[in-house]
Amino acid sequence: MSNAITHEFQAETKKLLDIVINSLYTERDVFIRELISNAADALEKYRHESLTKDQEDLFDSHVPLEISIDLDEEKKELTITDTGIGMSGDELIADLGTIAHSGSDSFLAELAEAARKDVSLIGQFGVGFYSAFMAGAKVRVQSRSWDGSEGHEWVSDGTGSFAISECPGLHRGTKIIISLKEGCEDYAKKWKVESIIKQYSSFVPFPIKLEGETVNTVQALWTRNKAEIKDEEYLEFYKFIANAVDEPTYQLHFSTDAPLAINSLLFVPKENLEIMGFGRVSPGVNLYCQRILIDQHSESILPEWLRFLKGVVDSEDLPLNISRQALQDNALVAKIRRVITKKFLKFLAEEAKKDEAAYLKFWDTFGIYLKEGVASDFEYRAELGKLVRFESSKSKESTPIGLDEYLLRMSPDQENIYYINGPSREALEAGPYVEMFKKKDIEILYTTEPIDDFVLSHLAEYEGKKFVSADRADLSLDDNSDAQEKEKEEQGQALDEKRSEKLINWLKKTLNDKVADVSKSSRLVDSPAMIVNPDSFMTSSMERVMAAGRMEKGMAGEISKKNLEINTGNSLICRLAELVDSDESFAAEVALQIYDNAMIQAGLTVDPLEMVERNYRILHKAVD
Ligand code: ADP
Ligand code: MG
């Protein structure tokens, strides 16, 4: 061009271009996202002007607002045209010759560091307009401002300088013509460009026409007014964003303006792929800034334990050019995460209030994630406490209850919320731990999953009531059955003080290497004995899980010694006391068997070989 004037790029721009051209080649696709994002910004700016200015002051006001992408495979060219606000000659020099990023120095340092360490990382950095040089050997920008001043062309090969010349006869807006580098010819192919647009720019609010055909047909529902959105639209959107064929269990459309501008649309899917054995799922919520994707399957925008959610979070407060790494440490992202997490948990609590049966279905499928949340995230304990569900001695079978329901039923002077872990409801109800609770009509929660006791120990308390495991040694249910006990003793149905003490001492000696202590129980009704935990921070179930974990790592899987409580009103125990005098060695066998049985009822392991052999010896004696 005859009247072209050459300009040097600003020093930082040169550095950036150097990195872009020499290191950014693994995730080149993002250059299309960047250029479409600029085009959409330019169109948005023009729309804004057109709303506030007189039509006569606007150049080319009849031209429709859209983005066109044209491809020329032969010439290896990709052209992106928008009818936005455009740039004057001076603006071309200023906008495309310098770096506008705030804190561009640290940005550059980070970028250079990523380029040095791991090139695949670098695609995560938005480098704005200059990303055109990731795929372009030469880039031409023809632009005409909305004020109608003469158009200009900007040309560069990205190495040190660019040239500006007048370019008459342009329409309003900007046309970017990219002559593709060797190895980048795919960007002149329709299937390639279309798939990139679908991935990154599906929700751009202006038509994107690829060779004349509009490719972005799904609306950014989350930016629209809830009242105007039809159910079918939500469903269609869910299927698109979650790549799903089913219907969502729940959906939450949530927008706020203050203190942060957030638009989000979250879905709970129908199935839990993790419990179906598909392995750990990756997060399903994408992060957008003004409808442009900035982080797909974002690991930063929600806590890990909400990875089952699908949907989008959009905040215009977020910078478009932010790396994944930077997102993780970004204070704003952390704030958004907190707001959305609290909102979602509150939403679940409301849904449970509206329809508990539907909530229980959700709980059955996804409750495991909320439990993970309790065990891993201190911050949301109060909210999560409202959402957990367990069966209990007063719940119907397979109809777990919430803690609020438990509190509602309990007597005002009850201080704790009781629970006990076991393999199933049946096993627990047949075992020794719930006997006294049933007798005294105190409700007790049944925790039947290995993780449950960790969950409750992390929750620690709910509405001021502490969680107490029924296998704790120091548990007292404020027993007032002394009178009954005396009566039983007098009728010879229970051991008196002296004989109890004698038996206990003998048991301590006999079971010396197995138990920490033996004592008389005040909470057994029918069973002869039970195992209890001297350590109040650990339940038998927790110890079992941790021992299994140690064994997996090849370490000793032993558990600490427990206490044995005996029921001195149980006939087997009474007979045992007599047997100690008449046949001590046989009494010892019986004592060991009682201990083993109690261990099994506590869900703890015994030596099966030893136990079976002993059991046969006892049976022999019985049949003789
Ligand atoms: P950012 O978009 O973050 O500002 P870019 O490097 O992508 O950074 O773009 C730099 C500047 O160039 C923009 O801020 C804008 O002023 C101008 N610009 C880029 N593309 C266009 C376009 N298609 N129309 C009008 N102005 C544009
Ligand atoms: Mg940009």
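**Buried residues, cores and a ligand site**

Author: Leaving aside neighbours within four places in sequence, S541 touches N421, P450 and D453. The model is a predicted one. S541 itself belongs to helix α19, residues 540-552.

Reader: Why is S541 called buried?

Author: The term requires under 20% relative accessible area. S541 has a relative accessibility of 3%, and therefore counts as buried.

Reader: What makes the pair S541 and N421 a polar contact?

Author: A polar contact needs N or O atoms within 3.5 Å, one able to donate a hydrogen and the other to accept it. The side chains of S541 and N421 are joined at 3.4 Å, and this pair is listed as such a contact.

Reader: How do you know that the span of α21 agrees with its number of residues?

Author: The expected span is 1.5 Å times one less than the number of residues. For the 18 residues of α21 this gives 26 Å, and the end C-alpha atoms lie 26 Å apart, so the two values agree. After α21 comes G603, with a positive phi near 80°.

Reader: Which residues of α21 are buried, and what covers them?

Author: The buried residues of α21 are F586, A587, E589, V590, A591, L592, Q593, I594, Y595, D596, A598 and M599. Their cover includes the helices α18 (497-510), α20 (571-582) and α22 (608-623), together with the strands β21 (515-520), β22 (529-532) and β23 (562-566).

Reader: What makes a set of residues a nonpolar core, and which residues have the most contacts inside the largest one?

Author: Such a core consists of buried residues of the nonpolar kinds, Tyr and Cys included, joined through side-chain atoms within 4.5 Å. The largest has 99 residues, and F344, L348, L370 and L503 have the most contacts inside it. Helix α21 (residues 584-601) gives the most to this core, namely nine residues. Apart from this core lies another of 68 residues, including M134, V204, V215 and Y234.

Reader: What is L503 in contact with, its neighbours within four places in sequence left aside?

Author: L503 is in contact with L495, I566, I573, L576, A577 and V580.

Reader: Which residues come nearest to ligand 1, and how many are around it?

Author: Ten residues are around ligand 1, and N38, A42, D82, D95 and F129 come nearest. One oxygen atom of ligand 1 is 3.2 Å from a side-chain N or O atom of D95, and an oxygen atom is 2.9 Å from a polar backbone atom of F129. A nitrogen atom of ligand 1 lies 3.3 Å from a side-chain N or O atom of T174. Of the 530 Å² of accessible area that ligand 1 has on its own, the protein covers 81%.

Definitions and conventions:
Residues numbered from 1 in each chain as written. Chains lettered and ligands numbered in written order. Predicted model: local features only at pLDDT ≥ 70, side-chain atom pairs only at ≥ 80, totals over all residues. Heavy atoms only, no water. Buried < 20%, exposed > 50% of the residue type's maximum accessible area, 1.4 Å probe, protein only. Helix = DSSP H or I, 4+ residues; strand = E, 2+ residues; numbered from the N terminus. Contact = heavy atoms within 4.5 Å. Near = heavy atom within 4 Å. Areas by Shrake-Rupley, 256 points an atom, 1.4 Å probe, with all protein chains shown as cover.
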